[in-house]
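Here are a few notes to go with your first look at this one. Have it open beside you as you read.

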Amino acid sequence: MVDSLKSLGVPFRIWVLCLTEECQQILNSVKCPEIHLTSLEQLEKDYPELINAKKDRSLAEYYFTLSPYWPRWILENFKPIDSVTYLDADLLFLNSPKPLFVDVQDYSIGIIEHRFHPDFDISEHYGRFNVGWIFFKKDQAGLACLTKWSRQCLEWCKDRAEEGKFADQKYLDNWNEDFDGTYIYSHPGANLAPWNLNTHKINLENGTLMSDGQPVIFYHFQMIRALDATHVSSSLEVYKVPIDLRKKVIKWLYKPYIKKLLEKEISLKRKGVTAKAFRSSRDYSEVDKHNRPKKSFHQRIQDGEIIKIRDQK
C-alpha cells in the first residue's frame, strides 16, 4: 500500500498501530519516513478498558475492537492533525485518492458502501458499509462518532452476525442517521473489492483499470490466504465473481500484487527479517466457508480460485 502511494507521487503520512513487536521491528527495518509507528502497548495504556475486553474475545475480534480506538487516539493526541482516514492494510492504490478527499472536505465522516450485487447481497448480516476506508474530521460529529463506535465495539465485537451486529462493521449502518455531516462516497473505483466486482463494469483502457468508466482509485485484497508454499486462495469464488472476470482480475491485479509482496519478503529476508505476506489471525468467516464450492485442487486453479505463486518469485 505504501509503495503504491509513493509511486503515485501522493504526499502522505501513514500512522501504523503495531499489533505485535514483530510488526514494529519489521517496519522499523524498512526505514520509511512516511510511516509513523505506535505500539499496541501504548494504545492499551491510554485506553485501559481494552485490557479487559482482550480477555473475552478471540485475537481477530480484539483487533476488530481496536478499529475505532486507533483513529480516535491519533485525533485526541496530536493537535496539528485535523482529520484522519482509517485504512485496512490490504489496499493497493492505482490512482490518487485526492478526489475522495475533495468529495468529503465539507463533511465530518466519510464511509463507503460495500455495493454488493443484488444476486449476492449480504449487507443485512455483514453491513451496508465496509471498514476498509473511513474518513474522520476532528470536529464534534467526527469525535462523537468515534467515541460511540469505541463504546459499541468494547461492549460487543464478535466475528459473527448476531442480532443486527457484526464485528466492528455493522455499527456503521446507522451513522448517516445518527451523525450530521456523514458523507457516503459514490465513486465506483473507491474500494473496488471481491464483493463488488459483479456490481460494476470492469475493464482495462490503455493500461488503466476502469470501473463503470472511471479509473479505479484503490482495490481491497480481502482474504488472500496461503494454502501452502506455492499456492494462495483468491477467495473470488466466495462472492460469485464469474470465472472469466476472475481470470482477468487475477492477471490485472492479483499476480502483480502477489509478486510485489513476495519481493518484499525476499528484501526483508536479506536484512535478516522474516515476514510472511499471507498470514492471517482470522479464520475464514461463515460466509466464506458456506459459499466455497467443492472442487478438485486442479479445477480450483483453472477457475481462478487458487493462484500458483511459484513462478511469481
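This is a predicted model: local features need pLDDT of at least 70, side-chain atom pairs count only at pLDDT 80 or more; totals for chains, interfaces and linings use all residues.

**Notes on the model**

1. Next, the make-up of the fold. You'll find 13 helices and 16 strands in the protein. Its radius of gyration is 19 Å, close to the 20 Å that the globule rule gives for 313 residues, so the protein is as compact as a globular protein of that length. If you want a box around it, the C-alpha atoms fill one of roughly 50 × 50 × 40 Å along the principal axes.

2. What about contacts along the chain? Take the contacts between residues at least 6 apart in sequence: 70% of them join residues at least 24 apart.

3. Of the 313 residues, 50% count as buried. The protein exposes about 15,700 Å², with carbon and sulfur atoms supplying 49% of that area.

4. Where is Ala229 found? Look in the loop between β14 (225–228) and β15 (231–233). Is Ala229 buried or exposed? Its relative accessible area is 62%, and exposed means over 50%, so Ala229 counts as exposed.

5. Ala229 and Pro188 are 41 residues apart along the chain, and their C-alpha atoms are separated by 35 Å.

Conventions. Residues are numbered from 1 along each chain as its sequence is written. Side-chain values use heavy atoms; hydrogens and water are left out. Helices (H or I, at least four residues) and strands (E, at least two) are DSSP runs, numbered from the N terminus. Buried means under 20% relative accessible area, exposed over 50%, partly exposed in between (1.4 Å probe, protein chains only). The radius of gyration is taken over C-alpha atoms; the globule rule is 2.2 Å times the number of residues to the power 0.38. Contact means heavy atoms within 4.5 Å. Accessible areas come from the Shrake-Rupley method with a 1.4 Å probe; for residues, only the protein chains shown count as cover.
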